[in-house]
Amino acid sequence: MVETLIVIAATLTGAAFLLALWRFLKGPSAADRVVAFDGLTIVSITMIILIAFVEGRGIYLDVALVYALLSFLGVIAVARYLERGF
Amino acid sequence: MDSLLNLLGGLLLVAGASFLFLGGLGLVRMPDVFNRIQAGTKATTLGTLLGLAGFACLRPEWGLKLLLIGLVTLFTNPISSQVLARAAHRTRVEMTLNTTVDRLAEDTGEEA
Amino acid sequence: MTKARDLTTLFATLFLFWLLLNGSLAPDVLAIGLVVALLIAILFRGSLAVLSEFRATPLAIVTAVGYLIYFLKALLQSNLQLARIVLSPSLPLTPGIVKVRTRLQSRMGRMLLANSITLTPGTLTVELNGEWLYIHWVTVESADIEAATASIVSGFERYIEVMYG
């Protein structure tokens with residue numbers, strides 16, 4: 001039962017990733033792409049933890065945490081660049 | 001046999017993933033960048049938090065670290081959305097046609 | 001006096017973060033955490049001052065719990081509302097950017113307010129300018145400053161005022 005639920009959750013998360021990816025590729029503006037990228041990274045956090053769970057490796061949680069912090073900084077940096085670079 | 005806690009964890013995971021999916025759908029369907037940010041942030045924040053709660057039920061010994069990831073998400077998500085929204089407005093990304101009012105453009109003296 | 005209290009709050013915040021990160025109460029972990037948190041608190045108390053603006057009175061702590069519950073409820077509502085919009089074929093939107101005003105003075109308080117607004121039903125903080133906030137609203141109910149403030153800001157302000165002022 002739980003296995004089924006996890007498969008459903010993984011599928012939905014994957015679909016969310018693809019939808020965000022579509023927006024990332026489609027744009028149209030640079031801001032749209034960054035927004036989509038932000039969405040992609042947030043979905044990825046759940047994916048990393050999902051992998052940590054399936055593989056039973058708690059150390060991946062630290063990966064997720066560092067990833068969350070770094071992607072946040074990345075998005076901020078790109079946003080600042082957008083503000084000045086037009 | 002699954003314990004009740006495991007079942008709850010699985011259900012929370014599915015609920016979280018559903019919101020992530022809705023967030024993705026919002027990113028695709030919403031008409032302009034601001035509405036996309038709205039759909040993107042809210043749904044992915046709740047989705048991630050529910051997912052984390054689900055994992056915490058499945059693996060209680062990961063609880064503390066999951067809580068920390070949740071706190072980081074809760075603080076950083078809205079901040080990056082705000083910074084993105086500001087950047088989008090300053091670079092004058094087009095707003096959807098049925099936008100009713102833009103007080104920010106009025107106050108900064110931009111042409112709407 | 002207030003300097004010593006600021007330092008203590010900052011130290012406690014950092015130490016708590018350390019404990020969560022390690023998830024262990026082993027003596028060596030505690031010792032390193034104490035030293036590092038104290039060092040950072042002393043060296044960076046100026047630039048990290050935003051972290052020590054929390055009032056840390058019993059009332060503020062009770063309010064923080066109330067705020068958390070209120071906030072999570074709002075987050076859930078905002079998601080159900082957005083789900084309804086995103087799933088309906090016609091996308092019923094009347095978006096716009098409105099201007100609201102806050103009574104909060106502290107930086108952390110204003111940041112918390114802006115964050116809360118971003119995660120609650122249909123609203124997204126676009127720009128902060130002193131006491132003025134510009135909010136993107138998915139379904140603009142009123143472009144009037146007073147009315148928009150009452151409906152977007154007041155609910156959170158009640159709580160944050162006690163915690164940060």
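This is a predicted model: local features need pLDDT of at least 70, side-chain atom pairs count only at pLDDT 80 or more; totals for chains, interfaces and linings use all residues.

**The sheet in chain C**

I began with a pair of strands: β1(C) and β3 (residues 132–137) of chain C run antiparallel and are joined by six bridges. Residues are numbered from 1 along each chain as its sequence is written, chains are lettered from A and ligands numbered from 1 in the order in which they are written, and side-chain values use heavy atoms, with hydrogens and water left out.

I noted what the words mean: helices (H or I, at least four residues) and strands (E, at least two) are DSSP runs numbered from the N terminus, and two strands pair if DSSP finds at least two bridges between them.

Across from R101(C) I found W132(C), which sits in β3(C). Then I looked at the whole sheet, which is open and has three strands in the order β1-β3-β2 (chain C), with antiparallel pairing. Its edge strands are β1 (96–101) and β2 (123–129) of chain C, each pairing on one side only. On average, neighbouring strands here are turned by 30 degrees against each other, direction ignored.

Which helices pack on the sheet? Helix α3 (residues 63–90) of chain B does, touching β1 and β2 of chain C, and its direction makes about 70 degrees with that of β2(C). Helix α4 (residues 107–118) of chain C packs on the sheet too, touching β2 and β3 of chain C, at about 155 degrees to the direction of β2(C). Contact means heavy atoms within 4.5 Å. Axes are lines fitted to C-alpha atoms, for helices over the stretch in contact, and angles run from 0 to 180 degrees between N-to-C directions.

**Helix against helix**

Next I checked α2 (residues 33–58) of chain B against α3 (residues 58–87) of chain C: they pack at about 125 degrees, with axes 10 Å apart. So α2(B) and α3(C) are oblique to each other. My cut-offs: under 35 degrees is roughly parallel, over 145 roughly antiparallel, 65 to 115 roughly perpendicular, and the rest oblique. The residues in this contact include L46(B) and L49(B) from α2(B), and L75(C) and L82(C) from α3(C). The contact has seven nonpolar, three polar and one charged residues. Here Ala, Val, Leu, Ile, Met, Phe, Trp, Tyr, Cys and Pro are nonpolar, Asp, Glu, Lys and Arg charged, and the others, Gly among them, polar.

Then came α2(A) and α3(B), at about 175 degrees with axes 10 Å apart. That makes α2(A) roughly antiparallel to α3(B). Among the residues touching are I42(A) and I45(A) on α2(A), and I69(B) and L84(B) on α3(B). I have ten nonpolar, two polar and one charged residues written down for the contact of α2(A) with α3(B).

**Inside chain A**

How far apart are the axes of α1(A) and α2(A)? They are 8 Å apart, and the angle is about 160 degrees. The two helices are therefore roughly antiparallel to each other. Their contact divides into 15 nonpolar, four polar and four charged residues.
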